[in-house]
Amino acid sequence: MEESATLAADAKAKELAAAGRDILSLTLGEPDFTTPESIAKAAKEAIDSGKASFYTPASGLPTLKEAMQGYMSQYYGYSVEPSQVLVTTGAKMALAAFFFAVLNPGDQVMVPTPYWVSYADQVALAQGQVVFVEGKEDQNFKIGVSQLEELWNDRVKVLLLNNPSNPTGNLYTREELEAIGNWAIKRKVLILADDIYSRLVYNQAEFVPISSLSPEIQQQTVVITGVSKTYAMTGWRIGFAVGPQELIQAMGKLTSQLTSNPTTVAQYAAIAALTGSQEDAEKMREAFEDRLNTIYPLLNQVPGFRVAKPEGAFYFFPNVKEAMKRKGFSKVSDFTNDILETIGVALVSGDAFGSPHHVRLSYATDLETLKEAVRRLEHYMNL
Ligand SMILES: Cc1ncc(COP(=O)(O)O)c(C=O)c1O
């Protein structure tokens, strides 16, 4: 196994910063905002009242599951039973529980590229095999049914779809999702829908949940989501899996043995996040949108960098093939290391996501830092 590449890149940036270097880190996928006050207040109350002192049911507090039922009705347009909801220690644990519950040794999981770093390692840990489905840049990194059909064989058990995507920020349309969903039904392939960025879409783009497209698709899909990105709650570690009862129960057995319940105080905070006013979440979304719209044209002016405008999440994933060539690098990690050493800008190298000619910049950081980082990149390319 490898250490998470994004966490490793951030650790290196922090090490240089601790040594006194002026470092701008665009590595991490977490909002730079602190958790909204109303959510923190609910957590403080849970501590003060003593409620936070105790275990909860391993699969989560009934009131949090109820809040999630409300969330599904509101944002997905269908209702679920409490037995279809599992609360986990971050969405990452929900994904791991899925793979361990579902995969037998040698079972295959289709993963569109570029892909979030942890999928491949988690599948390998669960003794599954990843089948990469190439997201082509000229298709905005989206995959289609003809590719799935080409790679399909009877060991394929799961299709993973991360929409909007980390690292590309692309967003699938309803028609694209219908085609993919119907293909999965035809081939009896489970869909693992990692919707963790679903509330972070910009410029009037619409997130369509694949699980909402038909009852048949819903019955074959496990939705993974959480509070980390939408509510600036990465540190609280609360995620969710929502899907067919049989699968959710199997996943729940695993988490009951591995973690017991997710931290009780964090569950109370998540209830406040899901059921309280959504105003703070919307303000943060607007801030990301503003950064996206401001930085996008500037980034495309950096010599050798080329990027399509993302519609969701909070990442740019520019193609830097030309920039690497100009600077004499053939390996993208050497290129990002040189950028870090020379101008103090920390990026994640694309090979961590299966892309040898791209870098990832997170815009979950303030606008001044972002502008300065892009200024430095432009300077670097003109050196
Ligand atoms: C695509 C994707 N899925 C899941 C996660 C995990 O989120 P959590 O913080 O809830 O574990 C992340 C976090 O970076 C992510 O980018």
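Val-348 has Arg-360 in strand 12 as its bridge partner. Strands here are DSSP runs of E with at least two residues, helices are DSSP runs of H or I with at least four residues, and both are numbered from the N terminus. This is a predicted model, in which local features need pLDDT of at least 70, side-chain atom pairs count only at pLDDT 80 or more, and totals for chains, interfaces and linings use all residues. Residues are numbered from 1 along each chain as its sequence is written.

**Three-stranded sheet**
- Strand 11 and strand 12 (residues 359-362) pair in the antiparallel sense over two bridges; two strands pair if DSSP finds at least two bridges between them.
- The open sheet has three strands in the order 9-12-11, with antiparallel pairing.
- Strand 9 and strand 11 (348-349) are the edge strands, each pairing on one side only.

**Asn-319**
- Asn-319 sits in the loop between strand 9 (315-316) and helix 12 (321-327).
- Asn-319 has 18 other C-beta atoms within 10 Å and is therefore partly exposed. A residue is buried if 20 or more other C-beta atoms lie within 10 Å of its own, exposed if 12 or fewer, and partly exposed in between, with C-beta atoms placed from the backbone.
- Leaving aside neighbours within four places in sequence, Asn-319 is in contact with Glu-137, Arg-306, Val-307, His-357 and His-358. Contact is counted if the C-beta atoms of two residues, placed from the backbone, lie within 7 Å.
- Phe-141 and Asn-319 are 178 residues apart in sequence, and their C-alpha atoms are 12 Å apart in space.

- Seven strands form an open sheet of mixed pairing, in the order 2-8-7-6-5-3-4.
- Strand 2 (85-88) and strand 4 (129-134) stand at the edges with a single partner strand each, so one side of each has no neighbour in the sheet.
- From one strand to the next, the twist averages 20°. Axes are lines fitted to C-alpha atoms, for helices over the stretch in contact, and angles run from 0 to 180 degrees between N-to-C directions.
- Strand 5 (residues 156-162) and strand 6 run parallel and are joined by five bridges; Leu-159 stands opposite Ile-191 in strand 6.
- Strand 6 (residues 190-194) is mostly covered, with five of its five residues buried. Leu-190, Leu-192 and Asp-194 point one way from strand 6, while Ile-191 and Ala-193 point the other way.
- Strand 7 (residues 221-226) and strand 8 (residues 239-242) run antiparallel and are joined by four bridges. Thr-225 has Phe-240 in strand 8 as its bridge partner.
- Helix 9 (residues 245-258) lies across strand 2, strand 7 and strand 8, at about 25° to strand 2.

**Helix 11 and helix 14**
- Helix 11 (residues 279-300) and helix 14 (residues 367-382) pack at an angle of about 5°, with axes 10 Å apart.
- Helix 11 and helix 14 are therefore roughly parallel; that term covers angles under 35 degrees, with over 145 roughly antiparallel, 65 to 115 roughly perpendicular and the rest oblique.
- Arg-291, Thr-294, Ile-295, Leu-298 and Leu-299 of helix 11 meet Leu-367, Leu-370 and Val-374 of helix 14.
- The residues of this contact divide into six nonpolar, one polar and one charged. Ala, Val, Leu, Ile, Met, Phe, Trp, Tyr, Cys and Pro count as nonpolar, Asp, Glu, Lys and Arg as charged, and the others, Gly among them, as polar.

**Ligand shell**
- Of the 13 residues around the ligand, Gly-90, Ala-91, Lys-92, Gly-226 and Ser-228 come nearest. A residue is near a molecule or strand if its C-beta atom, placed from the backbone, lies within 6 Å of it.
- Helix 4 (residues 90-102) gives the most to this shell, with three residues.
- The shell residues divide into three nonpolar, eight polar and two charged.
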